[in-house]
Amino acid sequence: MSASTVEFEAKIKEKPKRVSKQNRGISWLLLTPVLIFFALLNILPTLWMLGLSFYNYTLTSYKPPKFNGLTNYLDFVKNEQLSASVSRTFLFLFLAVIFQTLLGILIGVFFWKNDKMPGRRLALTLFFTPMVVTPIATALFWKLMLDPTFGVINYFITSLGFGRTDFLTNSTLAFPTLVVVDTWMWTPFMALMTLAALGSVPKAELEAASVDRLPIRRQITTIIWPHAKFILMLGILLRSIDAFKTMDLTYIMTNGGPGDTTELIALSLYRFAFKSFKLGYSSAVSVFLLFIAIALTAIYLYVLNARKKAEESA
């Protein structure tokens, strides 16, 4: 082999390395604006909030911020009203996500099985409308419908011979009413996630199962669930985090009342931050909410990884 041939082959081997380094440099150059934007709008405010949570600072006070260590966190734990608000928020999360998931799966499976149904696209478009309406508009819409004097729901109730009911000022009905409204608004999201999850199932496997006359229970456990679980559980995770942060529905429809029966933790946080202007204390509550969101994400990833390891070992 001549020296020129060896030199030519060496240049060919070095070229991909130079190209890969150039591509890596271009990639970082393109990512830099996004990373700066992310740092300015996410990382720095989070660090500022974390630091402020260790200070006693009220915006309307003339006193400068004073470091008080873990006092804000200890006060948060000792506050019975906030503890009840957190428990109420978890109950709201559990009920709303359960109902939305079950109804979303049923509706999603219905549209998935009836893909040749006349008017399917129009029905899906109309069905997904509540999901794209802003929560403030939804809350106002339902508040008007539930009005005891001129609300359309009470009109139908009285036409059936029953008395008028004020759903939003009744201490027994106010909380379930919020769950129903949230379920109405976000069930289309879970139906959409169900359709996406079912769309990821290979049709060849379903056709083979149909030919082999595999029972529907076995089809779900061996074919549908392994392919659809990631998207479906991702939808449950997103809804859990979003339900935990619900504030607009309660603020517009009940403002936490009657009493504090519908006071969720996000609404309590709003009161501390933008009514009392206790920025140090509200930052501590915000850090708590942040850790809850991280915990929910960690549980989701743990469940997925545990199932994956169990399937690999089987």
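This is a predicted model: local features need pLDDT of at least 70, side-chain atom pairs count only at pLDDT 80 or more; totals for chains, interfaces and linings use all residues.
1. S268 sits in helix 12, which spans residues 265–274. Setting aside neighbours within four places in sequence, S268 has contacts with L82, S85 and E263.

2. Two of those partners, L82 and S85, lead us to the packing of helix 3 against helix 12. On the helix 3 side, L82, S85, V86 and T89 take part, and they meet I265, S268 and F272 of helix 12. By type, the residues of this contact are 4 nonpolar, 3 polar and no charged.

3. How do the two helices cross? The axes of helix 3 and helix 12 come within 8 Å, with a crossing angle of roughly 140°. Helix 3 is therefore oblique to helix 12, since only angles over 145 degrees count as roughly antiparallel.

4. Next, have a look at the largest nonpolar core, which has 56 residues. The members touching the most others are F76, L82, F92, M253, I265 and V285. At least two residues of the core come from each of helices 3, 6, 8, 9, 10, 11, 12 and 13. Helix 8 (174–199) gives the largest share, 13 residues. As background, nonpolar side chains tend to be buried together in soluble globular proteins.

5. M253 deserves a moment of its own. Apart from neighbours within four places in sequence, M253 is in contact with A139, W142, K143, L146, L168, L178 and V181.

6. Most residues other than glycine have a negative phi, and most peptide bonds are trans. Against that background, the bond from G257 to P258 is cis, with omega near -5°. P258 belongs to the loop between helix 11 (248–253) and helix 12.

7. R213 has a positive phi of about 55° and is not a glycine. Its place is the loop between helix 9 (203–211) and helix 10 (216–244). Is R213 buried or exposed? R213 counts as exposed, because its relative accessibility is 77%.

8. F277, also a residue other than glycine, has a positive phi near 60°. F277 lies in the loop between helix 12 and helix 13 (279–313). With 27% relative accessibility, F277 counts as partly exposed.

Note on methods. Residues are numbered from 1 along each chain as its sequence is written. Side-chain values use heavy atoms; hydrogens and water are left out. Helices (H or I, at least four residues) and strands (E, at least two) are DSSP runs, numbered from the N terminus. Contact means heavy atoms within 4.5 Å. Buried means under 20% relative accessible area, exposed over 50%, partly exposed in between (1.4 Å probe, protein chains only). A nonpolar core is a set of buried Ala, Val, Leu, Ile, Met, Phe, Trp, Tyr and Cys residues joined through side-chain atoms within 4.5 Å. Axes are lines fitted to C-alpha atoms, for helices over the stretch in contact, and angles run from 0 to 180 degrees between N-to-C directions. Angles under 35 degrees count as roughly parallel, over 145 as roughly antiparallel, 65 to 115 as roughly perpendicular and the rest as oblique. Ala, Val, Leu, Ile, Met, Phe, Trp, Tyr, Cys and Pro count as nonpolar, Asp, Glu, Lys and Arg as charged, and the others, Gly among them, as polar.
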